Amino acid sequence: MNKSAPPEVRLVLTICVAGVFAPYYLQNLLLLALPICAWMLRPQGEPLVRPGLWGYAQILLWLWTLASLGWSDYRSEGITEVLSKAQWLVWPLAFMALQPWLAEQRRWFARCIWISAVLVTLLCVGDVLRRSSGPSSWFQDMVYENLARASGLHPIYLSMWILLGLVAYAQDRILAAPVRDLAAPVRASPASKPTTRAYGEHIAYLLFTVVMITQLSSRMAMLTGLAMVGVFLLILIRLRKFRWWMTVGLAFLVLLPWLLIQANSVNRSRVSEMVDLQADHTTNRWGGRSLRVAKWKNTLECYSENPILGTGAGDFQTELNNVYRRNGLETGYINQFNSHNQYLQTLATLGPLGLVLLLLPFLYGLWWAWMDQKWEALMVFVIILSSMLTESMLERQKGLYIVGLLGNGYFWGMLHRSGSAPQTQNHAT
């Protein structure tokens, strides 16, 4: 494209990122206005971008959810579910319109994400300091829901956003920096080498992320962080950049959370519950591993009763509650627990076709990012896919918003206007 993006495109992306922390009513207004604004900004004469496999899968998933009302007994609950999942239509339509500008604005998009993570974290820390009884209580108070309160997000979602912020920081401050080709044997010029100050900033941001993820005490985020480390090692090995001395830094990144967990009573209790293989769900205080396993087993039993089409969008929670009651999982039907696993919940609700439509766009994005060596996008999809293993991320508006914004934002930003297949490159753009 010869013409640069108008300032309004940056404004739309900034507002979309800020919308993560907006109250529900403002978020709903934004979701209504977003496709309209995006299509008004779309350059005249620009060829219409096809949704592709990524967009079509999301749209079909919403249509299949709508169709499931046909075999749901509780239609009012089903209609609520269908309306809440309308984001599967909003994000593809909006980013299709913005796609001509997104390759140019990917760095701005990333900058908005990581700066928002820092600002919201500072707000949360300040809120704890303000409410705490004194310096002696600061560290013990700065944990889990008490720490996340000012953000308006549950610790799970704030932790996820901070992990995404780390990826966005790397995209903005490291991958987009003028460094030499990773595959080139020549030495980089002194001007292109990162400065000592830059290294210090990178390490400081990494430590900030590790500390915040630990103190927010989201066990899902901790496990996702470990998955990110594993993927990072695979990337280094693929690029032949792995060095054994790097294990020292990785060991420190494991040691630091362990020390923070041991020093904080809430953190220690939550993590101990997760790793205690002997604990029963009846003794779980924090809804740990054994309770999640019980939910997963009951969800699979629920699915086995409707193996072809699933329960339908309106009947899932009712059918799952019946299974809870039949199996004596009292806390399940009293608290109306969902599956705490998005894959199992989608399978039980919409059957195998629904699960395929859910997995297809994310696995496709993961494959595309790996083949095209878009490492930051690869990490985004790893975070999203890992997060849905222990949480039903798409059953709350905040989760839908974050996954829709980041999944579509990074994917559409990777695509070339020509819609050509991914080309293997030696550097990230």
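A residue is called buried when its relative accessible area is under 20%, exposed when it is over 50%, and partly exposed in between, with a 1.4 Å probe and protein chains only. By that definition, 52% of the 429 residues of the protein count as buried. This is a predicted model, in which local features need pLDDT of at least 70 and side-chain atom pairs count only at pLDDT 80 or more, while totals for chains, interfaces and linings use all residues. Residues are numbered from 1 along each chain as its sequence is written, and side-chain values use heavy atoms, with hydrogens and water left out.

Next, select Cys16, which is buried at a relative accessible area of 1%. The structure holds zero disulfides (a disulfide being a pair of cysteine sulfur atoms within 2.5 Å). Cys16 is accordingly in no disulfide, and the nearest cysteine sulfur, that of Cys37, lies 9.0 Å away. Then move to Cys302, which is also buried, with a relative accessible area of 0%.

Finally, select helix α2, which spans residues 24-41 and holds Leu26. Leu26 is partly exposed, with a relative accessible area of 38%.

Technical notes:
Helices (H or I, at least four residues) and strands (E, at least two) are DSSP runs, numbered from the N terminus.
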